[in-house]
Amino acid sequence: MADPPVLEAVDLTRLYPDGTGVRGVRLRVYAGEIAALVGPNGAGKTTLLEALAGRPPQPGRVRLLGTGHDRRRAFLKRLAYLPEARALPPFLAGRTAARLAEDLWQQPGLYPRFLQEAARLGLAEADLDRPARVLSQGTREKLALALVFSREARLYLLDEPEAHLDPIVRNVLENRLDELRAAGKAVLFATHDVYLAARLADRILLVKNGRVRPAGTKDPEAILAVLTGGKEDERDPGPSA
Amino acid sequence: MSGAIRSLFLLHRLGWRERVRADPWRGFSIFLVATLLLSFQALTVWSIARYDQLLKAHGLSPAAYAGPPLGYGLLLAFGGASIRYTEGVSRFWILETAPLPRWLLRIDQLFSGLLATLALGGAPVLAALILAGDPWWAGLPWLAAAFLLAKGLQPYALPGYLIQGVLGYLMGWLSAFLIRTLVTEGWGPLLYPGLEDADRKVWALLAPLSGYPLPAPLQRALALPLLPAVALALLLVLAALLVEPPESGPAATRPALAAWRWLARIPRAPLAAAAAFLIEQLDQALARTASLLGLVAGLDRYLGWQAPAHPSIWAINAVFWWPVLARRLPLPEVLTAHLDSKREAAIRSLRGKVEALALTFLPLALWLFPWKAAALLLGWLALWWWAAPVLAGLPPAFGAFVLIAVGGALAAAG
């Protein structure tokens, strides 16, 4: 019997007042797997990740190791989420943010893990002490990644984790995601970068006009052709394999 | 005065801005803010008229002594013109996010500045001149000068704090004058016995600003830990201007960067976050502290007795933290996204703020306060910290007001 999925979404819908958003999403992500959401701007990738993370909660639609949004504390305890809006406030230093995270998330040992993750991502000690206001965009991104990777979780939802990272740090990121996969974690990340998705993900899910379906291929050129194609795909997507 | 300026902007926001139109309290809020603003202007004009009456009653020419009320009005005008505007944000157009051309935004900001100048300083300046026998349009060049001077000085922050202190002093004097006149119908210092010289009589209305000895406890409050804390904070602000790594920056930056390192390595994260937030709001903190210090000094000078020292010291220390106490500590979404409710974050934030306030107050309590007052105040802070799970649900500004007001009462009782 196949292992149950770590994350399962059934008929997940989140629509904005103007009718945009995602509708009828069905997907599964398994332990030891990296899945990638690929789609153009405005396709609904961020909306989908927010909905999966329970923002707002959608009882009965999403389960993380059998726990739904109705048991919010237990759900969030197993989740590590890198949101789209992840910048630290201008006055906050990364080190203080990590200590706050250790306190708020009630995860003892998070701060030393944060220091290790920060070192791996190439953050200097001085970068951890200075307020976010004086840091470059790339450094701020690395701080957010270090915070999320230092969190112990079973599922990692990452919204464009490669954004604003230089090629060296991107390589570190890819290695880190590989390690999460090897450790049996489930990873679902959203990206514009089809080539990154092809290189890293076990499965690619296409997001277009609020609908999600399996790409059925890891060939970047084929995926780009589908995404840039003009014909609307009206098929109701079945659960991801 | 800063409250009056903020009232002016709140009134505008309530009246014009699209996003607050749906607020059910909008009408009441507009009424409240307009009343506050108009009352402040009316009281100011009345005070100037009363000042003129007193001068005439003693055979002095209002025209010759128009300086003090005119100066006060110009300082208010200067304050209104000094308001900083967020780059690219319209003050008057209805749609906040409408993409407006830059030239239109500049006109908008100019208009806002002129309106604030007139709203705050127009009435007292014109009143001072009219009562002195000058035509009303004689005030226009004065107002224009105040406006241009404010715009010219705007890049340089330090004069603003001094101006705030002076304004606070004048406010304190004016408030004491009103209280004394309204309650006792006394004539003020003009009738202090023994003063024969008319010039001395009038200039006694405004004590010389330089060389005025502050009451001793206030002097000590300035010299001791608050000043080093402010100096540290200024260093951190300087460090905020740096983007170069320490090894390539000038030598003068190293103390500032060391200060940042010290702040970030405070083990109590909520306290460190509150202190860092204060640095971010330091201009407001210093401006409010300077205003309050001036207010206390002005009250003290007019009324001829010492302002209550211990409540004053408590209030000055607490007002320094007001920009932090009165706002929710902004936490990053990458932290709060993993919380099932924001309550825990709010509790820790409030505790961090109280710890920060206690830290700067503790040396003052040990040095300057009688043991009873110190114990009462520190006990009050401890109670606030302990009750944070309940108090974190209060609107922050309301909670801060209660914290400071009750603390002041305890300081007086001690």
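Predicted model: local features only at pLDDT ≥ 70, side-chain atom pairs only at ≥ 80, totals over all residues.

User: What makes α10(B) and α15(B) roughly perpendicular to each other?

Analyst: Helix α10 (residues 269-280) of chain B packs against helix α15 (residues 343-368) of chain B at an angle of about 70°. Angles of 65 to 115 degrees count as roughly perpendicular, and therefore α10(B) and α15(B) are so described. Their axes are 7 Å apart, and the crossing is right-handed.

User: Which residues of α10(B) meet α15(B)?

Analyst: On the α10(B) side they are P270(B), L271(B), A273(B), A274(B) and A275(B). Their counterparts in α15(B) are R348(B), S349(B), R351(B), G352(B), K353(B), E355(B) and A356(B). The residues of this contact comprise six nonpolar, two polar and four charged; Gly counts as polar under the scheme applied.

User: Why are β6 and β10 of chain A called edge strands?

Analyst: The open sheet has six strands in the order β6-β7-β8-β3-β9-β10 (chain A), with mixed pairing. Strands β6 (79-82) and β10 (211-214) of chain A each pair on one side only. From one strand to the next, the twist averages 15°.

User: How do you know that β3(A) and β8(A) pair?

Analyst: At least two bridges are required for two strands to pair. Strand β3 (residues 33-38) and strand β8 (residues 186-191) of chain A have six bridges, in the parallel sense, and I34(A) stands opposite V187(A) in β8(A). β3(A) also pairs with β9(A) in the parallel sense, over four bridges, with L37(A) opposite L205(A).

User: In what sense do β9(A) and β10(A) pair, and what marks their hairpin?

Analyst: The sense is antiparallel, over four bridges, and L205(A) stands opposite P214(A) in β10(A). The hairpin has two residues between the strands, and N209(A) takes a positive phi near 50°.

User: Which element gives the most to the side of chain B that touches chain A?

Analyst: The contact takes 28 residues from chain B and 36 residues from chain A. Elements giving two or more residues on the chain B side are α9 (253-264), α10, α14 (333-336) and α15. Of these, α10(B) gives the most, with seven residues. That side of chain B divides into 20 nonpolar, one polar and seven charged residues.

How values were computed:
Residues numbered from 1 in each chain as written. Chains lettered and ligands numbered in written order. Axes fitted to C-alpha atoms, helices over the stretch in contact; angles between N-to-C directions. Parallel < 35°, antiparallel > 145°, perpendicular 65-115°, else oblique. Left-handed = near helix turned anticlockwise from the far one by under 90°. Contact = placed C-beta atoms within 7 Å.
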